[in-house]
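Dear colleague,

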Amino acid sequence: MKIAIIGATGAVGREIIKCLDHLKFPVDQLFLVASDRSIGQILETPFGKITLEGLFEDIFKKADLAIFSAGKEISLAYAPLAKKHHCLMIDNSSAFRYDKDVPLVIPEINADLAMNHQGIIANPNCTTAIAAVVLWPLHQTFGLKKVIISTYQAASGAGQKAMDELIDQTKDYLSGQTETVKYFQHSLAFNIIPHIDEFQSNGYTKEEMKNRKDY
Ligand SMILES: NC(=O)c1ccc[n+]([C@@H]2O[C@H](COP(=O)([O-])OP(=O)(O)OC[C@H]3O[C@@H](n4cnc5c(N)ncnc54)[C@H](OP(=O)(O)O)[C@@H]3O)[C@@H](O)[C@H]2O)c1
């Protein structure tokens, strides 16, 4: 298959490349797409050295399958082009999770739904997907009614830039300097903060609400 990864230089995109290799996915050709600032850079991958491309319509003509991991806005903006060129979109963002025409798939649980796609297959939030793999067999066996979850999420949840910030803050903290805070509300170095994404009117954050069935 000819596969495009949209957001290939990101924390998730880099993991997707590793997964394709690990799963021995039948990759005939791999197109790596990132923002304009990355065009022309070369990424070393298990599939060889690949030159990064920008996000243009042409990519969906060339690829059979595009895995999107560059944020909700990009998924929403480029889904029509993927559809137009019959390029199957696997979306890692929150753009289509509550769209009734888009199957929301965790392969270990409901892979069969993916077969009825209409051009887009979505996957749930990272915490939800991982928790559901454990909860599903428990639910089948015992019938779960309510689950109370606490998650302790890494800086990586906010992407490569947030991981870089944590490294810088750790260096500053250990050398007695004041840490610079840009992507979080407080410094994350040797710290945990009860705040992921924006607070909602009910007092929960958006990330917490993504775990709820009715959200
Ligand atoms: N990190 C996680 O644990 C996690 C888990 C599940 C889902 N997600 C979702 O996955 C998505 C990406 O997350 P991430 O952590 O990988 O973020 P990230 O590290 O910030 O990477 C963002 C990627 O998107 C690319 N990008 C940005 N603007 C673009 C544009 N206009 N056109 C094309 N590519 C563009 C970036 O390219 P440049 O390098 O050129 O800027 C980079 O490859 C988000 O929707 C996030 O919610 C993340």
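Is K206 buried, partly exposed or exposed? K206 is partly exposed, with a relative accessible area of 26%. Please note that this is a predicted model.

K206 forms a salt bridge with E198, their closest N and O atoms being 4.0 Å apart. E198 is also partly exposed, at 48% relative accessibility. Salt bridges with shared partners link D197, E207 and K210 into one network. Within it, the side chains of D197 and K210 meet at 3.9 Å, N to O. D197 lies in the loop between α6 (160-174) and α7 (206-209) and K210 in the segment after α7, so this pair ties together parts 13 residues apart in sequence. D197 is partly exposed at 33%, whereas K210 is buried at 19%.

The count of salt bridges comes to seven. Another of them joins E53 and K62, with the closest N and O atoms 3.0 Å apart.

As to the overall arrangement, the chain is divided into domain 1 (2-123) and domain 2 (155-195), whose C-alpha centres lie 29 Å apart. Each domain contributes at least three residues to the shell around the ligand. That shell holds 22 residues, of which T9, V12, S35, S38 and Q160 come nearest. It divides into eight nonpolar, 13 polar and one charged.

Oxygen atoms of the ligand lie 3.0 Å from a backbone N or O atom of G10, 3.0 Å from a polar backbone atom of A11 and 3.3 Å from a backbone N or O atom of G71. The ligand alone exposes 900 Å², and the protein buries 74% of that.

With kind regards

Technical notes:
Residues are numbered from 1 along each chain as its sequence is written. This is a predicted model: local features need pLDDT of at least 70, side-chain atom pairs count only at pLDDT 80 or more; totals for chains, interfaces and linings use all residues. Side-chain values use heavy atoms; hydrogens and water are left out. Domain bounds come from an automatic or database domain assignment. A residue is near a molecule or strand if one of its heavy atoms lies within 4 Å of it. A polar contact is a pair of N or O atoms within 3.5 Å; within protein, one must be able to donate a hydrogen and the other to accept it, and residues adjacent in sequence count only if both atoms are side-chain atoms. Accessible areas come from the Shrake-Rupley method with a 1.4 Å probe; for residues, only the protein chains shown count as cover. Ala, Val, Leu, Ile, Met, Phe, Trp, Tyr, Cys and Pro count as nonpolar, Asp, Glu, Lys and Arg as charged, and the others, Gly among them, as polar. Helices (H or I, at least four residues) and strands (E, at least two) are DSSP runs, numbered from the N terminus. Buried means under 20% relative accessible area, exposed over 50%, partly exposed in between (1.4 Å probe, protein chains only).
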